[in-house]
Structures are given as C-alpha cells and as structure tokens.
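Here is a short report on one helix and its surroundings. Look at the sequence and the structure first, then read on.

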Amino acid sequence: MTITWNRRHFLGAALSGSALPLAGCDSALNSRTDSWWQQQLPLLDGSTLHTSSLHGRPFIVNFWASWCTPCVQEMPIIDAFFEKNRTIGWQILGIAIDNAEPVKRFLSRVPVHFPIVLAPDNGQQLMTQLGHTGNRLPFTVQFDVAGNIVERHSGTLDAAMLDRCKELTSLGK
C-alpha cells in the first residue's frame, strides 16, 4: 500500500502548534465522530484495528509521521504516559501519516507500547473528521470514556500536557 503525502503541507507549520481546547464539545463535532468509532485501520503487521475496541476508555489519538521532527520528539513522552497510565484504563493510538517501511524503521529505533496504524489516504480525512482545520503535525485528540472529544491539540505535546489529560476524564485519579 502506498500513501501519498506532501511534506510541505505538514512541515510548514509543524513547529508553531497550538492547543485547540473544546470548552464543551459541540454536538456537530461529536456527531461527526460517530463514524470514527466504526473505522478499521491497518496495523503494521497487516492485521486490522477496529476503533470500536477502544471505546469506553479514556483514549488519545496521535497523528504523526517519521519525517516530522516534533512528532519524533514527542513519541517517547507519549509512550511514557501510556506505560504509566495503561493500568488505569488509558489507551493511545498512533496514526502514521507515512508509508509502512519508514514507520517500521523508526519504531525499530524508538519502540512504543501502544498500537500504531497507517493512515488511509494520507490521514487528512480522518484528521478533518476529528476537527483538525490545518495541515500541521503532530495532531492529537483526546476522547473521554463516553467517546466524546474533550480536547484537540495541534503541535508537540509535553509530559505536563499529557498529565492534564487525566484531569479531563473520570479515570484521572
């Protein structure tokens, strides 16, 4: 499978990310996420991940690419958050806006403990469906246990931002 992407679309603004919090998720956005929970996304081993299997837990989706410097920098931080919090129900999904081989090479150097899938059609449709209005990476979305979006973030995450995610859910304690 070949994914077509254009680095210039993403790299132009990658270093100037900003938080996009949702003060009370609007119903139009959440109605668009209904189809998110019906996605079937290809894992690197050729199997399929059904996003419905992640519903009912606090959940973070991170769109990234192996060629995106901010994405590469935040990957160990996201993995550390996952390792620290998965026993209390947290789930993370990495969606690579990339081809399989570069992703596999990156993960052989920087392994993570959460699933990584390949974005269909360069991921733009999925990102737009989840409320992304630009072309910058990384892009992260947090869902609560009911499957509603509670926050979006365009740009690099740090450990403090991820810890704040726990405050937005009932499993943060």
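In this predicted model, helix α6 spans residues 159-167. Leu 162, Cys 165 and Lys 166 of this helix are buried. Seen down the axis of α6, these buried residues fall within an arc of 105°, so they line one face of the helix. An α-helix has 3.6 residues a turn, so residues three or four places apart point the same way.

What does the face of α6 turned away from the buried side carry? Exposed residues sit there: Ala 160 and Glu 167.

The start of α6 has a contact of its own. A side-chain oxygen of Asp 158 comes to within 3.1 Å of the backbone nitrogen of Ala 160.

Now turn to the partners.

Take α3 next. α3 and α6 pack at an angle of about 35°, and their axes are 9 Å apart. The crossing is right-handed. On the α3 side, the contact is made by Ile 77, Ile 78, Phe 81, Lys 84 and Asn 85. On the α6 side, Ala 159, Leu 162, Asp 163 and Lys 166 take part. By class, this contact of α3 with α6 has 5 nonpolar, 1 polar and 3 charged residues.

Last comes a peptide bond. Most peptide bonds are trans. The bond that joins Leu 137 and Pro 138 is cis, with omega about -10°. Pro 138 lies in the loop between α5 (124-129) and β7.

Methods
Residues are numbered from 1 along each chain as its sequence is written. This is a predicted model: local features need pLDDT of at least 70, side-chain atom pairs count only at pLDDT 80 or more; totals for chains, interfaces and linings use all residues. Side-chain values use heavy atoms; hydrogens and water are left out. Buried means under 20% relative accessible area, exposed over 50%, partly exposed in between (1.4 Å probe, protein chains only). Helices (H or I, at least four residues) and strands (E, at least two) are DSSP runs, numbered from the N terminus. The arc is that of the directions from the helix axis to the C-beta atoms. A polar contact is a pair of N or O atoms within 3.5 Å; within protein, one must be able to donate a hydrogen and the other to accept it, and residues adjacent in sequence count only if both atoms are side-chain atoms. Axes are lines fitted to C-alpha atoms, for helices over the stretch in contact, and angles run from 0 to 180 degrees between N-to-C directions. A crossing is left-handed if the near helix is turned anticlockwise from the far one by less than a right angle, and right-handed if clockwise. Contact means heavy atoms within 4.5 Å. Ala, Val, Leu, Ile, Met, Phe, Trp, Tyr, Cys and Pro count as nonpolar, Asp, Glu, Lys and Arg as charged, and the others, Gly among them, as polar.
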